[in-house]
Structure formats: structure tokens, C-alpha cells
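Me: I'm new to this one, so let's go through it in plain questions and answers. Here it is.

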Amino acid sequence: MNIVETLEKLWNDSGFQSFFVDGGWKNLIMIAISCVLLYLGIVKKFEPLLLVGIAFGCLLVNLSYFGPESTDALYHPELWSQFLDEESEFYHSYGHVMAHGGLLDILYIGVKAGIYPSLIFLGVGAMTDFGPLIANPKSLLLGAAAQMGVFLAFFGAVCLGFTGNQAASIGIIGGADGPTAIFLTTRLAPELLGPIAIAAYSYMALIPMIQPPLMKLLTTEKERKVKMEQNRNVTKTEKIIFPIIVAMFVILLLPSTAPLVGCLMLGNLWRECGVTERLSDTVQNALMNIVTVFLGISVGATTAASSFLNIKTLMIIALGLTAFAFSTIGGLLVGKLMYLLTGGKVNPLIGSAGVSAVPMAARVSQMEGQKANPSNFLLMHAMGPNVAGVIGSAIAAGFLLAVFGK
Amino acid sequence: MNFTLLAAQTADSGTKMEIGDAAITAIFGYGVVFFGLVLLMCVLYITGAIFKSKDAKAKAALENVKKEVEAKPLAVTPADQPEAPGSAGHVKLHGVPDKEAAMIMAIVADKMQTPLNELRFISIKEVK
């Protein structure tokens with residue numbers, strides 16, 4: 001055994017030497033970024049359930065993937081480019097990915113096939129009480145208005161030179177709905193999945209910082225002080241009928257929303273029907289946790305340095321913030337309109353909750369309302385637009401998928 | 001493994017759009033979202049109205065029963081049946097055993113959240 005040769009082989013096989021050749025320094029930057037994301041998730045508690053997994057996926061891929069020659073990598077971007085290349089013999093071949101992929105490639109199949117976001121929606125549906133929305137259907141207008149950022153960011157992205165598919169994926173960040181953003185991006189612009197997922201989840205965590213200044217800017221003290229009347233009681237039968245009606249209307253209107261809206265409403269039906277407690281409990285807890293593990297780590301894997309470190313990522317982060325801000329503004333403006341039309345019975349602060357991000361955005365409305373008037377309780381009123389935002393962002397995604405999907 | 005060039009993985013999906021087309025798509029998309037949710041709002045208002053009217057009918061029926069009870073003079077007590085202290089009169093039972101009648105009266109009092117001694121039952125009949 002030649003010790004020098006063996007040591008040389010070990011060095012050449014090691015990841016350490018890869019940092020010094022052919023753009024390996026980019027991996028070092030990505031490792032630093034993954035550490036920052038881990039810090040934000042663990043210490044600052046920014047959407048930790050997903051961000052910690054995404055950050056660790058980012059760390060793993062940048063420790064193991066240094067280019068096409070990294071055959072031991074956990075994730076291989078080339079496999080997925082072949083998967084998407086219509087002229088490749090491996091076009092849409094999951095078998096090829098299974099045979100040659102690493103662990104994260106195989107887990108990523110669930111993202112690519114749209115399975116994880118749909119299963120997350122199943123759990124979200126089972127955890128959501130649509131009662132406030134059923135009691136006050138006008139909330140749906142606020143949920144619709146708060147999709148303004150989606151379409152403004154889409155337009156802005158086209159102006160900045162992104163393709164239609166990429167612009168649609170960037171715009172959906174404004175829907176403030178992580179699973180929807182991932183679902184749409186994997187279908188329209190998978191090459192942008194990493195930055196879009198990170199931007200979406202980071203901004204969702206930053207809602208308590210992004211929204212309050214806009215809420216104060218666009219509403220008067222008098223408007224913020226408005227106390228709203230208690231909503232009517234919603235019967236059990238109404239709650240059972242609701243998911244069936246929504247599934248029928250929304251899926252018939254936009255069939256491309258079927259995976260998301262179908263799962264959301266099935267989860268909600270299991271919650272409300274009263275005869276499937278075991279299933280409701282499973283999708284809310286066990287299944288949701290399992291899928292979150294796979295989703296986080298496999299989305300993180302798409303942040304290979306070679307595709308993440310470019311000017312587009314910075315533009316996506318800027319456009320994502322714009323999308324969030326304008327979605328908040330859209331909700332607030334329609335909230336103000338409702339305040340005027342109802343003679344001051346609607347507190348416009350509930351409009352900002354239309355950006356989805358359940359229940360964080362509703363909590364922000366509650367906190368701002370209480371700051372203006374300590375006896376104000378807006379939480380249940382804000383939950384209506386908040387859950388309407390989930391349906392609204394799914395419809396926006398369905399529209400974009402119908403326009404840009406193949 | 002036959003890998004393609006690394007550059008291929010960052011190939012852009014889709015094609016570039018004209019700014020005018022993008023503006024029209026954005027406005028149309030926003031409109032579709034509104035249309036979908038307004039449609040849903042109308043459906044929710046209709047179902048809500050149906051349930052509210054059912055609820056109102058049930059309440060009205062209950063009110064009518066209450067009014068009837070208040071308006072009617074106390075039932076004539078058969079002379080041969082002495083009333084218990086504090087009794088509001090006798091209840092006529094049609095094919096209902098005493099025990100079941102007692103349970104029904106207790107349940108009604110509980111549901112109405114009214115003490116049993118403040119209610120008056122005229123008759124209880126089993127509907128077959």
C-alpha cells in the first residue's frame with residue numbers, strides 16, 4: 001500500500017479540496033447562508049418547522065455537490081434537468097432519478113410530483129375553522145383583494161426580464177402560502193424553487209414586522225379603534241356543507257386548483273363531519289409532521305450554489321417583499337372601502353389578514369387593533385379574511401397554472 | 001451516468017413576455033380571483049340565508065308555543081286528582097309512560113335553560 005497515493009486519493013475525494021477548484025468557493029458562501037438560515041429558524045424562530053429543514057437541506061447539498069462529477073452527492077441538479085428536457089431520453093423518467101439519484105433526489109420526487117404541498121394542505125384543512133368565513137362571507141372580498149401583490153409582483157418580474165413562467169412563480173410569493181408557492185414553482189419554474197421557497201417562508205415569518213407599518217400608514221386612529229359586532233353562530237351542518245360547496249365551485253371554475261383545494265377541503269371535511277376524528281387527528285399531526293420533514297429538506301436541496309448564487313436570487317427576494325407589501329395594501333384598501341360602505345362597522349385592519357399566512361396575519365390584525373383600542377378583539381373577524389386568503393391564493397395559483405402550465 | 005452540461009440545469013422555464021401582455025394577464029388574473037371568490041360569497045350567502053330561515057322558523061315555533069301556553073287559561077284540574085304543592089296543573093299523557101314523560105320534561109327544561117317549575121306542559125303525545 002502506497003501511503004502517499006492513498007492520502008492523495010483521500011484528499012482528491014474529499015469535499016475540502018473541492019472548495020479550492022472550479023467555483024467551489026460558492027459552496028462556502030452557501031454553507032454560510034445555510035448557517036444564517038439555521039440561526040433564523042432556531043434562535044429567531046422564523047417558521048422553524050420548515051426553515052430548519054430547508055436550511056439543513058441547503059447545508060447537505062452544498063457539502064456534497066460540487067458539480068456533475070460529484071457522484072456521491074445527495075442531490076443532482078443534472079438529473080432533474082434531464083428529467084425536464086423534452087429531448088432527453090430521461091424526460092419525465094422518475095425511474096432514472098430513482099436509479100441514479102441520491103437520498104435528496106428521491107425525497108424531491110414528492111415535491112416534483114406535487115405530493116407534499118397537497119398533503120400539507122390536507123393537514124391545513126383539518127386544522128382550519130372556516131366558521132368565521134361562513135358567518136361573514138364578505139371576508140372573501142378581503143381574501144381576493146389581498147392577492148394584489150401576486151399579480152403586481154408577476155408584472156414587475158416580467159419587467160425585470162423573467163420569463164412568464166418564472167414571473168408567475170415569483171408572484172405567488174405574495175399569496176403568503178408556502179405550499180402553494182412550492183406547488184406552482186415546481187410546475188412552472190423548478191429552477192427557481194430554492195430562492196422562492198426561502199423567500200416565501202422568510203417573509204411569512206416576517207409578517208409581524210412587514211405589516212404593522214403599512215397598517216398604520218394606510219389607516220387612521222379612528223378606523224383602527226372600530227369594534228366589530230360579534231359574528232352569528234354557524235351551525236354544524238353549514239360547516240359540513242362548506243368544504244363540499246367550495247370544492248365543487250372552485251375546482252369547476254379552475255380545474256388546475258384541484259390538488260390543493262381538493263386536499264384542503266377534504267381535510268376540513270374530516271375535521272367537521274364528526275365521524276372521522278381519527279383521520280382528522282392523523283392529518284393534523286402525524287402526517288403533517290412527516291410531510292414537513294420531507295418537504296423542508298428536499299426544498300433545501302434545490303439551493304445548490306451553482307443555481308442559487310446569482311443576481312436572479314436577489315431580484316426574487318426583492319420582488320417577494322414587494323409582493324407581500326402590495327398584498328397587505330390590497331387587503332387594507334378594500335377593508336377601508338368596506339369601512340366606508342358599512343358606515344364604520346368594519347375595522348379595515350382585518351383586510352391585511354387576507355394575505356393568508358394563517359394564523360399569523362390574523363394575530364397581527366388583532367395586535368394592531370388592541371394597540372388602538374385595548375377592548376378591541378378582532379381575531380375572529382380577521383380569521384375570515386385569513387382563511388379566505390388561503391382559497392384566494394389557491395385560485396391565483398390555479399389561474400397562473402392554467403395560463404402558463406403545459 | 002451521462003450528465004448534460006451544468007449550464008442546462010439553470011435554463012429558464014417558459015418564454016419571455018411582452019410587458020403589455022403581462023399587464024393584461026395580471027389584471028385578468030386579479031379579476032378571475034375576485035370572480036371566483038365573489039361567486040363563492042354568493043353561494044355562502046344563499047346557504048346562510050337558508051339556514052337562517054330554518055333557524056328563524058324553529059324560533060318562531062318555539063315562541064308560538066310559549067305564547068299559547070301563556071294565553072291559555074290553566075287547565076281544569078279534575079276534582080278527584082289533588083294537585084301537588086306548587087303544581088302548574090296536570091299534564092295529559094297520550095300513550096307515554098310517566099317515567100318517559102318526566103324525562104322529556106326534564107330535557108325540554110334543560111334545552112330551554114329554564115327551571116322546570118317555570119314551564120307548563122299541557123300534554124305529551126307520542127307521534128307514531
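Me: What pattern does chain B follow, read along the sequence?
Reply: Start with the parts: chain B has two helices and two strands. Helices (H or I, at least four residues) and strands (E, at least two) are DSSP runs, numbered from the N terminus. Read along the sequence, chain B comes out as α-β-α-β.

Me: Before we go on, how should I read the numbering and the model?
Reply: Residues are numbered from 1 along each chain as its sequence is written, while chains are lettered from A and ligands numbered from 1 in the order in which they are written. This is a predicted model, in which local features need pLDDT of at least 70, side-chain atom pairs count only at pLDDT 80 or more, and totals for chains, interfaces and linings use all residues.

Me: In chain B, where is confidence highest?
Reply: pLDDT is the predictor's confidence in each residue, from 0 to 100. Chain B averages 79, and 77% of its residues score at least 70. Confidence is lowest in strand E1 (residues 92-94) of chain B, at a mean of 83, and the highest value, 89, belongs to helix H1 (residues 19-71) of chain B.

Me: Over which residues of chain B does pLDDT stay under 50?
Reply: Where pLDDT is low, the predicted coordinates should not be read in detail. The model has 19 contacts beyond four places in sequence for this stretch, a contact being two residues whose C-beta atoms, placed from the backbone, lie within 7 Å. The stretch is residues 1-9 of chain B.

Me: What distance separates the centres of the two domains of chain B?
Reply: Domain bounds come from an automatic or database domain assignment. For chain B that gives domain 1 (20-71) and domain 2 (80-128). Taken over C-alpha atoms, their centres are separated by 39 Å.

Me: Which element gives the largest share of the side of chain A that touches chain B?
Reply: Here 54 residues of chain A are in contact with 35 residues of chain B. Among the elements that give two or more residues to chain A's side are H5, helix H11 (148-159) and H24 of chain A. The largest share is nine residues, and they come from H24(A).

Me: And how many residues of that side are nonpolar?
Reply: Ala, Val, Leu, Ile, Met, Phe, Trp, Tyr, Cys and Pro count as nonpolar, Asp, Glu, Lys and Arg as charged, and the others, Gly among them, as polar. The side of chain A that touches chain B has 15 polar and five charged residues, and its nonpolar ones number 34.

Me: Is Ala357(A) buried or exposed?
Reply: Ala357(A) sits in the loop between H22 and H23 of chain A, and its phi is near 45 degrees, a positive value in a residue other than glycine. A residue is buried if 20 or more other C-beta atoms lie within 10 Å of its own, exposed if 12 or fewer, and partly exposed in between, with C-beta atoms placed from the backbone. Because it has 29 other C-beta atoms within 10 Å, Ala357(A) is buried.
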